[in-house]
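Reader: I would like to go through this structure by question and answer. Please keep it plain.

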Amino acid sequence: MGFLHTWLPYILAGIAVGGQYALIAIGYTMVYGILRLINFAHGDIFMWSGLIMVYLITTLPLWVSIVLVILFAIILGTTIEKIAYRPLRTAPRMSIMISAIGVSYLLQNFALYITGGLTKTYPAIALLQRAVSIGPATTKMVTIITPFLTILLVFLLVMLIQHTKIGMAMRAVSRDFETSSLMGIDINRVITVTFVIGCGLAAIGSVLFFSNYTGINPMSGAMPGLKAFVAAVFGGIGSVPGAVLGAFVIGIAENIVKGTGWTTFSDAFTFVLLIIILMVKPTGLFGEKDIDKV
Amino acid sequence: MKKFTVLSLILLLAMTAFVGCGGSGSDEDTIRIGVFEPASGDNGAGGKQEVLGMQYANSIQPTVEIGDKEYNVELVIVDNESDNSKAVTAAQNLVSKDVSIVLGSYGSGVSIAAADTFSEAGMPAIGVSCTNPQVTADCDEYFRICFLDPFQGTVLANYAYENGMRKAYCLSKLGDDYSVGLVNYFVEAFKNLGGEVVQEQFPDKNSDFTSYVANAKKAGCDVFFSPVSTEAAALIIDQAEAQALGMPILAGDTWDSNVITGAAKGKNVEVVVTTFYQEGGNPEFDKGIKAWMEEDSDAITNNGGNTDLAAVTALGHDAYFVALEAFKAAGSKDPADVLKALPSLKVTGLVCGDVSFNKTGDANKSEAFVKRCDTTTGTWEFVKKQSAN
Amino acid sequence: MKIQLNNKIKAALTTISIALFLILVFVGDNVISSGSSWRMLITVIEKGSIFALVAASMNLLNGFTGLFSLGQAGFMLMGAYTYAIFTIPSASHDAVYQYFGGGIIKWSIVEVLESKIGVVGHYLGLFIPIIFAGILVAIVAYLIGIPVLRLKSDYLAIATLGFAEILRAFFQWNTLGPVTNGSNVLRKYTTYHSAIFPVVIAGICITIILLLLNSTYGRAFKAIRDDEIAAEAMGINLFKHKELSFVISSFFAGISGSLLAMFQSTISATPFTTQMTYEILLIVVIGGIGSISGSIIGAFLFIACSEWWLRGLDSGSWLGISSDLMRSGFRKVIFAIMIMLVVLFYSKGIMGDKEFSWNRFVNWWLTRPQAIKNWPNKLKSKLVSKKKARMAKSDAKARLKQEKADSDYKKASGTPLFTPLPISDQVIVFDKEGK
Amino acid sequence: MDNRQVVLKLSDLTMQFGGVVAVDNLNLLLHKNEILGLIGPNGAGKTTAFNCITGVYEPTNGAVEINGNIVIENYPKGKMKEEYKGRNLGKYTKSQTMLPDKVTKLGVARTFQNIRLFKGMTVLENVLVAMHMNQEETVFGATFRSKKARNEEKAMREEALVLLRKVGLYENKDDISTSLPYGKQRHLEIARALATHPTILLLDEPAAGMNPQESDELMHFIGEIRDKFDLSILMIEHHMQVIMGICEHIYVLNYGGQIADGAPAEIQANPAVIEAYLGGDE
């Protein structure tokens, strides 16, 4: 009981932030699955979703704003794919990754310009920010809602991947890009859908994340984005359940590290975890080994 | 073909840039004051508020008479991005724009980083709200018009101890000279008084303060001392409310900002800060600057959306007038002459109290204002004047 | 008509231009007063040469060995700290390490040598810590390389990025405070006195990199970049050569870090973030992946744009244009857009993978009048070919539509669209090397 | 029986990927100065066998012996133990692998089915890369152009040029390797392999994509280099004309398994081989 009393707040915080990382990580893992691209701009799409919410809420009602934010993220994501990734699809992999880094740089700097470099306060969503007590710990409602919502969304996503035609096409493309296109699958459509799902989930993640940590500045997306990516690698990049599991592990571990006084290393710890997993099982928890073709 | 376009573009850029830069600088009737402040990054909000004070001062007093000649005063503003590595080039940029004196910065880290640049160029600089002792300690060119962290730390420790707090949780940001320094001086003073402390640091770009608040509760502290940037402050206040922190949050001058009052409004938290200026201390100034801001929507945006005054704005205003006095005393706009005139300068009639410099170039200040946030109205209420003894 | 210069002329041209450049820097540094707007030229040259070095070192890894590594900022950080720690004068220790009782290293290499052998010692004291910083970084890189270099492309990138972040946290660790001053700035250490210093050091280092690349080892690196499997079949030990490239690259990154420390005159771990690595990478891309001369040009352009030429965009008027849009941050937006344009439309960068050559330069210069004259025609033919491509594309689209209709028809008549692939449960899996 | 010395011996070599047996119990002997053919329909496991010999893959079971020494040996372990479908389980108990560069250093050079030249480099540089492994000078000496490094570099260039002259690429020495016509690229690959000073040469479909005249030339060329460089050659080839023309002995694979081996005439008459080819796609 004493243990729980001490550690419950950290675990709760870890689960909440883990769920939010999970929603971002799905975007990374799916895009990587299809395009073999670390979409470095994904974290910034997440940040922009938060930023747009700040501007929308001043004139529009909450629910409309949330829907618009999700739409915005989807449009932003697919546009980036069309402009910055699609033309480079046949180029060497390094070029497309550099393009992703360039987009990330642009999104951050544009946010810097729009906000004037100031931190914006995320609008209070009463439902999410209400304080609740669980045993000895007091926390925000969003902490409780996040894991359930995350798991629900992931369940829906897995159903989609498993049982719909587009889901099947996605699996096929992730298996073998070229053969799939020869088989008559519309690759562009699959990629667009992937970005739609990834960015939509990131937008939902941004609502949850920024309701919990209410400051948004141009760099707000960088660290969560990086951690979500690590979560995706941890779980075996390409695997949706793996990414979710990885995200929860990283969220909880990070908070426990902070709780034990190693606060200097709370971010670095994520990377230590990453390097350990890459050394022990380079393909992550759920990833599958494969063979280089000679 | 491609190469040609790129190269000609580059050449064009280079040439025009030279022309563009070379064109300015020989205007006889203008005197330039360099403003070395962050407009982005961690301290962007504070930096902008500080610049507002200077701009307002410039609007009410746009000229200065040196000898018998009247000069127009022009502010040359450069963004140091709250980043120590960008600060050096930003400072060099200012120096190269033929300014006569530099004002700033808001934060200590960038000022320390730029000190050598100013020193090499023989450029006098007046720190506005950079409170870390290292800014002026080894730099003859740097002066400042605010109090110092050892003083502020002691004041805060005294306040805490006098109000029955015995165990303090101190949170600073990694790599931030201001918060690390102030926490250090606070801890020293608080321990001397017989208090007990728990110290922690959070990394750059951190936005999750849940665990730090939980740590403070776990350790059973009486006060949460976190003199960090306003960005982090809003997040800390938020978490304190969410987890029912149950102890007052104590901070230094950076927190004297409408960002904090905005964040704390309607929340069940107690926020106490020490600062340079209390709104209402000089009604004429308050009224003037508010009217000025209301005319300019950009100014309101830069002030964070309303006209609530931050102490740094008042300090910025004062810095501008100190600079004008320095010109008058020097009788010249040559940086070397201004530098010679500064040590013996005495300026009165400022909003944050008279300014004179001691041997290291720091202003002689003996009192700080203690303010508490009224969470129902979202404004600051004056508590007391606190001294170091 | 193509002009071929003989080697003697080329060597002479190179020597003369380097000498002229050094004289320019030296004279400029001493003549241009600090109040002049031309002073920024010297600043840009100083910082530019430091970034040229680190970009060249990154190019050695990314462009010549084909290792996508993103750890450069971490190694620079380490180099900067190593240099700073060993050159803080003993008199300043108490002031610098004010929270750590003056630190535990109470001496400075510069002072020790100066007291022993005078002025020569002072200058020697500047060089030794730089080399030492490079060596220390190289050793750490060697250790990091053992596990990390077994990883491929993206995984390698993310692991090196992770190590850079770990290094940063490590240097900020309070427990190491007596050495690293925790997360506080290090300052007061000895720096160079003339802008020519970083230019010369960076120049020497870049020359060494070029020499290395033109040796048999350089060829082996390029072979690994072009085709790992074929390189291995040619008897090239992949791991040994990757490690070699990684260590050498880190060595120079460490040296550029110590130069950066000298340039900035204060150093703290905070700015050495992933963002900094990205910026170095963008320099490499702008200059051309696989071209050292490209990295040098890229570095000077990047620094000049971000620190000097575009600054006007932030303050309301630039090149005589003024606009309300131009407020704080506008410079960076324009800059980011420029970079994106390079990445998307000039993906080979300024130099592609070619090095600067006098022959090409002279011929390029001589053909300019003709090229300018031909420009309208060229543009026209380009437009025509673009139009053709567009038409071909729409044709292809129509064909695709037809095919789809066919396949729909087939589907309706019972032939499956594609054979479902055997995919294990809910897991999407792929091979590492996607095409 | 062949009395020449055995330079390469594959014993029960088996390679299984997941549930697919790509090479099934291959036993093969290559004698000194012999030209050996390895044929079979597409997907028969020929290239996989090459990859096992050169260390690119780790075989699942079996051993590779070079010049009388076992250099690679393996047996099914871990998950593979249950999944293993091949034969001779338990016969091998040692696990010994060798990286491709080490195999090359032992004197086994190879070419690739889908030409793998270093695309950014000139013809001469491609050959020079292959000589790098014999360089004794350290990276330090090479960078700073020590006397030793200069001498080595000079010797390498001379040797490379000799080699290029021998394979008829001297005129193309400064061309970018990938700009060469297809046939010359094949020649360059062989020259590059020769530059590693091999005793055993593995050729993976050297005549692929060549017209009858070119492949005829190639056939003579292979015979020539065998004599000039004192080589033992193992080659995979689809062109029956080439195989039958120069090979002394032929092994036939189908679905990973070895279905026949013998002299060219025997193979041509072998019903199993005819069956495999008619049933296959080649």
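Author: This is a predicted model, in which local features need pLDDT of at least 70 and side-chain atom pairs count only at pLDDT 80 or more, while totals for chains, interfaces and linings use all residues. Residues are numbered from 1 along each chain as its sequence is written, and chains are lettered from A and ligands numbered from 1 in the order in which they are written.

Reader: Of the five pairs of chains in contact, which share the most contacts?

Author: Two residues are in contact if their C-beta atoms, placed from the backbone, lie within 7 Å. Five pairs of chains touch in this sense, and the most contacts are shared by chains A and C.

Reader: Which element gives the most to the side of chain A that touches chain C?

Author: The contact takes 58 residues from chain A and 48 residues from chain C. Elements giving two or more residues to the chain A side include α6 (141–163), α11 (240–259) and α12 (266–280); helices (H or I, at least four residues) and strands (E, at least two) are DSSP runs, numbered from the N terminus. The most, 14 residues, comes from α4(A).

Reader: How do the residues of that side of chain A divide into nonpolar, polar and charged?

Author: Ala, Val, Leu, Ile, Met, Phe, Trp, Tyr, Cys and Pro count as nonpolar, Asp, Glu, Lys and Arg as charged, and the others, Gly among them, as polar. On the side of chain A that touches chain C, the division is 35 nonpolar, 14 polar and nine charged.

Reader: How far apart are the closest C-alpha atoms of chain B and chain D?

Author: Chain B and chain D are joined by no contact. Their closest C-alpha atoms are separated by 20 Å.

Reader: Is C:Leu301 buried or exposed?

Author: C:Leu301 sits in helix α13 (residues 292–309) of chain C. A residue is buried if 20 or more other C-beta atoms, placed from the backbone, lie within 10 Å of its own, exposed if 12 or fewer, and partly exposed in between. Because 22 other C-beta atoms lie within 10 Å, C:Leu301 is buried.

Reader: Where is B:Ala244, which has a positive phi although it is not a glycine?

Author: The phi of B:Ala244 is about 50°. With 15 other C-beta atoms within 10 Å, B:Ala244 is partly exposed. B:Ala244 lies in chain B, in the loop between α9 (230–242) and β10 (249–251).

Reader: In which strand does D:Asp12 lie?

Author: D:Asp12 is a residue other than glycine with a positive phi, near 50°. It has 17 C-beta neighbours inside 10 Å and therefore counts as partly exposed. The strand of chain D that holds D:Asp12 is β1 (residues 6–17).
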